[in-house]
Amino acid sequence: TEMTLVDPARLRDKLARVRATGVSQSAGGFETGVDSLAVPLFDALGACSGALAIAAPAQRMTPDHVAHIRDALVAAGRELTMVWGGSVPDEVALRWRG
């Protein structure tokens, strides 16, 4: 879409924000009018081995809704990581605390 990040400098900035928060948020990057949030999932070696994401119509993504989704994704990301026999790296766990 016109919102898809293609500029290398903007993409590096976006990745820095994801690393700083432990959560990725996208607005219309894959489909116009659809926003998404995602968290990483970790394996037994602490490596990122997947992700858990949710997408919703952009008009429903109020700040309260985004906060609720973020909290639910973080909780589910922790749980799925543990089910996989993994552990969330300390630096990510700190970021997820808010």
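Colleague: Which residues is T81 in contact with, leaving aside its neighbours within four places in sequence?

Modeller: They are L41, F42, G86, S87 and V88. Each has a heavy atom within 4.5 Å of T81, so each counts as a contact. This is a predicted model. T81 itself lies in helix α2, residues 63-83.

Colleague: Why is T81 called buried?

Modeller: Its relative accessibility is 0%. Buried means under 20%, so T81 counts as buried.

Colleague: Why is strand β2 described as largely enclosed by the rest of the structure?

Modeller: β2 covers residues 34-42, and seven of these nine residues are buried, so the strand is largely enclosed by the rest of the structure.

Colleague: How do you know that β1 and β2 pair, and in which sense?

Modeller: Four bridges join β1 and β2, in the antiparallel sense. At least two bridges are needed, so the strands count as paired. In one of the bridges, S24 has A38 in β2 as its partner. β1 and β2 form a hairpin with six residues between them, and G28 in that turn has a positive phi of about 70°.

Colleague: What makes β2 and β3 a pair as well?

Modeller: β2 and β3, the latter being residues 48-57, are joined over nine bridges in the antiparallel sense. The requirement is at least two, so they pair. P40 has A51 in β3 as its bridge partner, and F42 stands opposite C48 in β3. This hairpin has five residues between its strands, with G46 in the turn at a positive phi of about 85°.

Colleague: D43 lies in the loop between β2 and β3. Why is D43 called partly exposed?

Modeller: Its relative accessibility is 22%. Buried means under 20% and exposed over 50%, so D43 counts as partly exposed.

Colleague: Which polar contacts does the side chain of D43 make?

Modeller: The side chain of D43 reaches the backbone nitrogen of L45 at 2.9 Å. A polar contact of 2.9 Å also joins the side chains of D43 and S49. Leaving aside neighbours within four places in sequence, D43 is in contact with S49, G86 and S87.

Colleague: What makes T1 partly exposed?

Modeller: T1 is found in the segment before α1. Its relative accessible area is 40%, which lies between the limits of 20% and 50%, so T1 is partly exposed. Beyond its neighbours within four places in sequence, T1 is in contact with G28, G29, F30, E31 and T32. A polar atom of the T1 side chain lies 3.0 Å from the backbone nitrogen of M3.

Colleague: Which residues lie nearest the centre of the largest pocket?

Modeller: M3, L5, K14, Q25 and S26 do, out of 13 lining residues. The elements that give two or more residues to this lining are α1 (8-21) and β1 (24-27). α1 supplies the largest share, five residues. The volume of the pocket is about 270 Å³.

Colleague: How do the residues of that lining divide into nonpolar, polar and charged?

Modeller: Four are nonpolar, five are polar and four are charged. Gly counts as polar here, so any Gly in the lining would fall in that group.

Technical notes
Residues numbered from 1 in each chain as written. Predicted model: local features only at pLDDT ≥ 70, side-chain atom pairs only at ≥ 80, totals over all residues. Heavy atoms only, no water. 1 Å grid on protein atoms, 1.4 Å probe; cavity = no way out; pocket = protein on both sides within 12 Å on 5 of 7 lines; lining within 4 Å. Points joined across faces, edges and corners; volume = space filled by probe spheres on them. Buried < 20%, exposed > 50% of the residue type's maximum accessible area, 1.4 Å probe, protein only. Polar contact = N/O pair within 3.5 Å; in protein donor to acceptor, adjacent residues only side chain to side chain.
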